[in-house]
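Colleague: I would like to learn how to read a structure feature by feature. Please take the general idea each time, then the case at hand.

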Amino acid sequence: MSLRTTHRGLMARLTKICLALLLIAAPLAQPAAAASDPQDVVRSFYGVLLGNMREGRVLGESGRLARLAPVVDRSFDIPAMTRLAIGPSWASLTPAQQQQLIAAFGHYVAATYADQFDTYSGEQLQVTGERPLGAEVVVETRIVKSKGDVTRLDYLLRQDQGGRRISDVYLDGSISQLAVHRSEFHSILRREGVDGLVMALNRKVDLLRNVAKAS
């Protein structure tokens, strides 16, 4: 056997090994890429919402909230949203106060979705596209009720170390939920301070629970 023949055989075996490794590695790389896609972030969140709606009566309000809370923490940038909702006074708060507000606001966001998406009667949660907004991405969605009524919800996603996460929600494509919260929170902070705002957020969660139990 010549040296040239031996070399060709070795190269052929190496090529087969490389191809096999690429085939193994390719599926492993796909989930990480999907997780960073803005539309996939919202689709994943909507998938949990639909599951909650379909099992809403069985889960009850507390069950829906327990299922949603970790998904909200993963899908929403709650620390950044809290900071933006508080506004300039955020910098003057102690780290302990900031953590109090982050926890209360995150709980409130999860409780709101658990209350508003509680039962299923043929609704569709549709991700329809996306558009750039500076360095951010806006994911466009529609909530279509069984009778055909449509509500538009757009999600602003920002890049952080863990990928893209939701940092604001726009009702009808234009009404920023953070802007609404900022106005409300500023008034409460001025009158009652941080403890008053934490109590107000907790009261909102309790009210949502009581309404869910009564319905």
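**Reading the model**

Modeller: Val-180 counts as partly exposed because its relative accessibility is 43%; buried means under 20% relative accessible area, exposed over 50%, and partly exposed in between (1.4 Å probe, protein chains only). This is a predicted model, in which local features need pLDDT of at least 70 and side-chain atom pairs count only at pLDDT 80 or more, while totals for chains, interfaces and linings use all residues. Residues are numbered from 1 along each chain as its sequence is written, and side-chain values use heavy atoms, with hydrogens and water left out.

Colleague: In which helix is Val-180 found?

Modeller: Helices (H or I, at least four residues) and strands (E, at least two) are DSSP runs, numbered from the N terminus. Val-180 is found in helix 6, residues 177-214. The protein chain has six helices and five strands, and from the N terminus on they run α-α-α-α-α-β-β-β-β-β-α.

Colleague: What share of the residues of the protein chain counts as buried?

Modeller: Of its 215 residues, 40% count as buried.

Colleague: How do I read the sheet?

Modeller: Two strands pair if DSSP finds at least two bridges between them. Here five strands form an open sheet in the order 1-2-3-4-5, with antiparallel pairing. Strand 1 (124-133) and strand 5 (175-176) stand at the edges with a single partner strand each, so one side of each has no neighbour in the sheet.

Colleague: How many bridges join strand 1 to strand 2?

Modeller: Nine bridges join strand 1 to strand 2 (residues 136-144), and the two run antiparallel. As one case, Gln-126 has Arg-142 in strand 2 as its bridge partner.

Colleague: Which helix packs on the sheet?

Modeller: Contact means heavy atoms within 4.5 Å. Axes are lines fitted to C-alpha atoms, for helices over the stretch in contact, and angles run from 0 to 180 degrees between N-to-C directions. Helix 2 (residues 38-54) packs on the sheet and touches strand 1, strand 2, strand 3 (150-160) and strand 4 (163-171). The direction of helix 2 makes about 160 degrees with that of strand 1.

Colleague: Is Met-53 buried or exposed?

Modeller: Met-53, which has its place in helix 2, counts as buried because its relative accessibility is 5%. Leaving aside neighbours within four places in sequence, Met-53 is in contact with Phe-117, Asp-118, Thr-119, Tyr-120, Glu-123 and Leu-125. The C-alpha atoms of Met-53 and Ser-121 are separated by 8.5 Å, with the two residues 68 apart along the chain.
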